[in-house]
Amino acid sequence: MQSPQSGWQSPTQVVAGERRLKVGTGTCSRRQFVASAMMAIGAAALGGARPAWSQRDALDPRTLRIAAETSGIDIHNHIDVPLTGAGMLGPDLDLKGEMQRAGLSAICMTFATDYQPGDAYGRFLNALAAMDHQLQHNGMKRSLTVADLAAARRNSQPTVIQAVEGAHFLEGHLERVEEAYGRGLRHLGLLHDSDATVPLGDVYTNVPRLGGLTAFGASVIQECNRLGILVDLAHANVQTTEMALKQSRRPVLISHTGLDTQPGSDARMAQMMRPRLIGKAQARMVADRGGAVGVWTRLSKTPLEYATNIRAMVDVIGVDHVCIGTDTKLIPAAPDHAAQQPPHVGDSTNGAWVNQRAGFYFLVVDAMLKTGFTSGEIEKIGRGNYLRIFGEAVG
Ligand SMILES: [Zn+2]
């Protein structure tokens, strides 16, 4: 049964659909049933679109069912929108369709403003306006509370949590945190690759020069705690992380990274990404304060390698403190970007791996089952841990 609005099915709808097939097909063979069930669930997950691949080619019904039941959330997903006046509000994006293809029920929809000089605040406001437009175009809304996330799931409605990667837009203006909250921001990455004009803390890929978290960074964390914005310490070096954890009264995230014991098999990539991986001690200090670490898909050449990297993080900080934070783009680069920077494997959520034959979250669930995770553990990593922390930080 498809939701007339979205084509997306809630877990109970999918399970119910599977049961109906069992009853309705009577004497059909298991193989026929499996094919029918996959078709029904896969078509629902794909939102009626005609993809280049089909979930049923690659996955068994149990995987499809658990993926639907656990309603994955990607806690760090980039959506490319225009940041400057030229080309605003950008081409219409099929946000809902790509989420359905991916099998994700929600994403932390993020963007960064620090690749161009000057006026980070203007770019921030433009990006939010462009995202307003994309959400409206897709008939979607930002979830502002845990209750919103629950309602979206109940109504089979894909949703987003508004995030930003790097607080460059603040430019020393603390009152802009509340302004951003008013525009729907609920998940703030303090840092990104380059320092803000008024820096918040030392970035792990740069030479440390600030002594960790700055006084402004500390006041931003306090303001996030006061308002109800989840603080994300991705890109923070160890000292900044330690100081931020002392400052925050709420659990925090590192939304997208991997353990430095899991550099992958590509020596060149491993060397390049090494500064962006974290040690066990840094992961533990976040988990010990109730937070979580999102494992990204980078350095994982296959879904099984990705599940292995998740397992490595779970072995260090426990299953209650790990999430999925891909650092991919749900929508591949817009055509004007693509000319300069052709999309490559690993860049997009539904193209995270070579010869990908199914949507992202379906493959992750499949690989997690194959590496011994239970459906309960997949639910925690796929959704539950983020919801718990979001609830504690945002409400
Ligand atoms: Zn990042």
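This is a predicted model: local features need pLDDT of at least 70, side-chain atom pairs count only at pLDDT 80 or more; totals for chains, interfaces and linings use all residues.

Student: Which two residues does a cis peptide bond join here?

Tutor: For this one you look at the angle omega. The cis bond joins Met-88 and Leu-89, with omega at about 5 degrees. As for the setting, Leu-89 is in the loop between strand S1 (72–78) and helix H5 (95–102).

Student: Is Ser-71 buried or exposed?

Tutor: To decide that, count the C-beta atoms around the residue: 20 or more others within 10 Å means buried. Ser-71 has 23 of them within 10 Å, so it is buried.

Student: What about Asp-327, what is its phi?

Tutor: Asp-327, another residue other than glycine, has a positive phi near 65 degrees. Asp-327 sits in the loop between strand S8 (322–324) and strand S9 (328–329). Why does Asp-327 count as buried? Because it has 26 C-beta neighbours inside 10 Å.

Student: Now a helix. How many residues does H6 have, and how far does it reach?

Tutor: The idea is to set the helix's reach beside an expected value. H6 covers residues 120–137, which is 18 residues, and goes 25 Å from its first C-alpha to its last. That is close to the 26 Å expected at 1.5 Å a residue.

Student: And what do the buried residues of H6 pack against?

Tutor: Start with who they are: the buried residues of H6 include Ala-120, Phe-124, Ala-127, Met-131 and Leu-135. Arg-123 and Asn-126 are among them too. The buried residues pack against H5, strand S2 (104–110) and strand S3 (159–165). After H6 comes Gly-139, with a positive phi near 65 degrees.

Student: Last one: at what angle do the axes of H10 and H12 cross?

Tutor: For a helix pair, you look at the axes, then at the residues between them. The axes of H10 (residues 238–247) and H12 (residues 280–288) come within 10 Å and cross at roughly 15 degrees. An angle under 35 degrees counts as roughly parallel, so H10 is roughly parallel to H12. The crossing is left-handed. H10 brings Val-238, Thr-241, Glu-242 and Leu-245 to the contact, while H12 brings Gln-282, Met-285 and Val-286.

Student: How do the residues of that contact divide?

Tutor: Into four nonpolar, two polar and one charged.

Conventions
Residues are numbered from 1 along each chain as its sequence is written. Helices (H or I, at least four residues) and strands (E, at least two) are DSSP runs, numbered from the N terminus. A residue is buried if 20 or more other C-beta atoms lie within 10 Å of its own, exposed if 12 or fewer, and partly exposed in between; C-beta atoms are placed from the backbone. The expected span of a helix is 1.5 Å times one less than its number of residues. Two residues are in contact if their C-beta atoms, placed from the backbone, lie within 7 Å. Axes are lines fitted to C-alpha atoms, for helices over the stretch in contact, and angles run from 0 to 180 degrees between N-to-C directions. Angles under 35 degrees count as roughly parallel, over 145 as roughly antiparallel, 65 to 115 as roughly perpendicular and the rest as oblique. A crossing is left-handed if the near helix is turned anticlockwise from the far one by less than a right angle, and right-handed if clockwise. Ala, Val, Leu, Ile, Met, Phe, Trp, Tyr, Cys and Pro count as nonpolar, Asp, Glu, Lys and Arg as charged, and the others, Gly among them, as polar.
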